[in-house]
Amino acid sequence: MQTRPLGTTGPQVSALGLGCMGMSALYGEADRAESIATIHAALEAGVTLLDTGDFYAMGHNEMLIGEALRAAPAALREQALTSVKFGALRDPDGGWSGYDGRPAAVRNFAAYSLQRLGVDHIDVYRIARLDPNVPIEETVGAIAELVEKGHVRHIGLSEVGAETIRRAAATAPISDLQIEYSLISRGIEDEVLPTTRELGIGITAYGVLSRGLISGHFTADRQLAPTDFRSMSPRFQGENLQHNLSLVEALRKIAEQKGVSVAQIAIAWVLSRGEDIVPLVGARTRERLTEALGALDVTLDDADLAAIEQAVPADAAAGDRYPAAQMSHLGTDR
């Protein structure tokens, strides 16, 4: 497995990370045994970075990862690096109530995550979205205290803009920024990516297949449960969906010419953006994991990249990546 640096202050990690959210919430039913088997298969393949959030199904995802780590051979367990987002407030009905970045809350969230994961430290810890009522300096400062005490190894950020990145980096060393980045979500290229590169901060890119939209497996007639995030996502609605799937078909032609899948060429494109970018793949099954890992063997030359750019230009997608109510919490506008 290839490796990449997670910024200048973070660890060396696998070239692909595993985003585990879909194993617990927001994307339809998942099989617990298959989820654990997929985590084990990822570790066996050399994947080191496991990403989660303490609010994914109200702690279920962390407990799932903890169970998988306990059942893994010691050598694989020791290579696993945990990346945890915190701060999102939930209610018993599954609703969302904002974000809490107060230092006392940071310490509280971390204590519960350590217990659920069954680890003595979290490798990368970050607030999921900026708390508008708490300066980022206070939130990052609280994580820095956890680093000093050995409960956290590295400080990350999530979905924040260039100004916030600079303020956070002036407070404590930041390893990486987790933010959506894919062929059809390229908002970081204007300001965010130049800022992280100037400051030596890595990128962990989530949504590299845009929640399955550009995986090559999503069809217009697919029925989504009301609890599935995509049932509310503008990019999966009506004419937006039809337009976006037409982009996928254009991408499919390029993939077929190279003898690879649509998902593989979409992941390979993100990998091609720079050694400072680590894509997170949201595979929920071993089959999808195997497909995603195949992207590591895909080489895109200048002609390939030009063809992809022509097929799926920047800003080609129809619809925002989140519902309007959630867009204000994001660090980029698309």
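**Ser-35 and its surroundings**

A: Leaving out residues up to four places away in sequence, Ser-35 touches Met-23, Ala-30, Leu-64 and Arg-284. The model is a predicted one. Ser-35 belongs to helix H1, which covers residues 32-44. Its relative accessible area is 1%, so Ser-35 is buried, the limit being under 20%.

Met-23, a contact of Ser-35, is also touched by Leu-18. Beyond Met-23, and with residues up to four places away in sequence not counted, the contacts of Leu-18 include Thr-38, Ile-39 and Ala-42.

Leu-18 and Ile-39 are among the residues with the most contacts inside the largest nonpolar core, which has 92 residues. Tyr-125, Leu-157, Leu-177 and Ile-267 are also listed among those with the most contacts inside this core. Helix H9, residues 262-271, supplies the largest share of this core, with 9 residues. Another core, of 8 residues, lies apart from it, and Val-13, Leu-49, Val-124 and Leu-280 are among its members.

Ala-57 is located in the loop between strand E4 (49-53) and helix H2 (60-71). The phi angle of Ala-57 is near 55°, a positive value in a residue other than glycine. With a relative accessibility of 25%, Ala-57 counts as partly exposed. Arg-211 sits in the loop between strand E11 (202-206) and helix H8 (238-258). Phi of Arg-211 is near 60°, again a positive value in a residue other than glycine. Arg-211 counts as buried, at 12% relative accessibility.

Gly-7 is found in the loop between strand E1 (3-5) and strand E2 (12-14). At 15% relative accessibility, Gly-7 counts as buried. With neighbours within four places in sequence left aside, Gly-7 is in contact with Ser-175, Gly-200, Ile-201 and Gly-202. Gly-7 and Glu-148 are separated by 141 residues in sequence and by 19 Å in space, C-alpha to C-alpha.

Gln-257 lies in helix H8 and counts as exposed, at 71% relative accessibility. From Gln-257 to Gln-2 the C-alpha to C-alpha distance is 25 Å, and 255 residues separate them in sequence.

The whole chain provides the setting for these sites. The protein chain has 12 helices and 12 strands. Its radius of gyration is 19 Å, close to the 20 Å that the globule rule gives for 334 residues, so the protein chain is as compact as a globular protein of that length. Along its principal axes, the C-alpha trace spans about 55 × 45 × 40 Å. Of the 334 residues, 57% are buried. Among contacts with a separation of 6 or more, 74% join residues 24 or more positions apart. The protein chain exposes about 13,900 Å², of which carbon and sulfur atoms supply 50%.

Methods. Residues numbered from 1 in each chain as written. Predicted model: local features only at pLDDT ≥ 70, side-chain atom pairs only at ≥ 80, totals over all residues. Heavy atoms only, no water. Helix = DSSP H or I, 4+ residues; strand = E, 2+ residues; numbered from the N terminus. Rg over C-alpha atoms; globule rule 2.2 N^0.38 Å. Buried < 20%, exposed > 50% of the residue type's maximum accessible area, 1.4 Å probe, protein only. Contact = heavy atoms within 4.5 Å. Areas by Shrake-Rupley, 256 points an atom, 1.4 Å probe, with all protein chains shown as cover. Core = buried A, V, L, I, M, F, W, Y, C linked by side-chain atoms within 4.5 Å.
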